[in-house]
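Have the structure open while you read.

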Amino acid sequence: MANSTSAALTRRALLGAFAATTLTAAPVYSKAFGFLKGAGDVRRLKMYSGRTGEKIDIIYWIEGEYIKESLKEVNYFMRDWRQNSSINMDTRTIDIMSASHNLMGISEPYMLLSGYRSPKTNNMLRSRSRGVAKNSLHMKGQAADLRLASRSVSQISRAASSCSAGGVGRYSSSNFVHMDCGPVRTWGR
């Protein structure tokens with residue numbers, strides 16, 4: 001038992017050291033990029049939607065270039081399924097999602113609860129919950145609400161927060177984490 005605790009601490013210490021060095025070297029555009037360095041210059045996104053039953057496992061960036069066709073698939077996957085409308089998702093949010101996933105060292109896909117939201121959908125959700133922002137970044141394609149069966153809200157939010165690249169909201173009672181590419185901030189419990 002002592003060996004597994006010691007190994008976990010060593011892994012955490014290494015991840016912390018890695019995070020500290022990559023944050024200083026990361027481009028200004030999004031600090032999440034730094035966490036993706038050393039990933040073989042490939043960025044990947046794995047998700048499924050409980051709402052539509054769709055799955056996506058896609059490489060969307062190789063050797064410094066976003067793959068336009070892959071981003072089109074991501075945009076469609078992250079669409080407002082209620083209105084069947086999509087928008088170009090902000091690649092900074094996609095990078096934060098990918099970097100957070102890599103930091104957790106898992107192969108399980110995210111469950112996407114909400115990506116793009118049309119103003120109509122956002123207003124409908126606002127009428128049902130006070131937790132939905134009037135000017136939500138979801139309406140700009142700059143946010144995602146995600147869940148993992150194998151990780152707690154706390155674990156997911158720590159990974160996303162360590163990217164220091166946008167907003168991270170913890171919604172423990174609803175079992176999901178909000179990630180966006182807006183100003184760096186955290187909220188929730």
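## D90 and R92

D90 and R92 bring their side chains together in a salt bridge, with 2.8 Å from N to O. This comes from a predicted model, so keep that in mind as you go.

How exposed are the two partners? D90 has a relative accessible area of 14%, and since buried means under 20%, D90 counts as buried. R92 comes out at 23% relative accessibility, which makes R92 partly exposed.

In total, the structure holds seven salt bridges. Another of them joins R43 to D95, and here the closest N and O atoms are 3.2 Å apart. This pair ties together distant parts of the chain: R43 sits in strand β1 (residues 42-49), while D95 belongs to helix α4 (residues 91-104), and the two are 52 residues apart.

Are R43 and D95 buried or exposed? R43 is buried, at 6% relative accessible area. D95 is buried too, with a value of 0%.

## A pair within one helix

Now for K72 and E69, which also form a salt bridge, their closest N and O atoms lying 3.6 Å apart. Why are they about one helical turn from each other? Because K72 and E69 are three residues apart in helix α3 (residues 68-77).

## The idea behind the pairs

Side chains with opposite charge can pair up when their charged atoms come close.

Conventions:
Residues are numbered from 1 along each chain as its sequence is written. This is a predicted model: local features need pLDDT of at least 70, side-chain atom pairs count only at pLDDT 80 or more; totals for chains, interfaces and linings use all residues. Side-chain values use heavy atoms; hydrogens and water are left out. A salt bridge is a side-chain nitrogen of Lys or Arg within 4 Å of a carboxyl oxygen of Asp or Glu. Helices (H or I, at least four residues) and strands (E, at least two) are DSSP runs, numbered from the N terminus. Buried means under 20% relative accessible area, exposed over 50%, partly exposed in between (1.4 Å probe, protein chains only).
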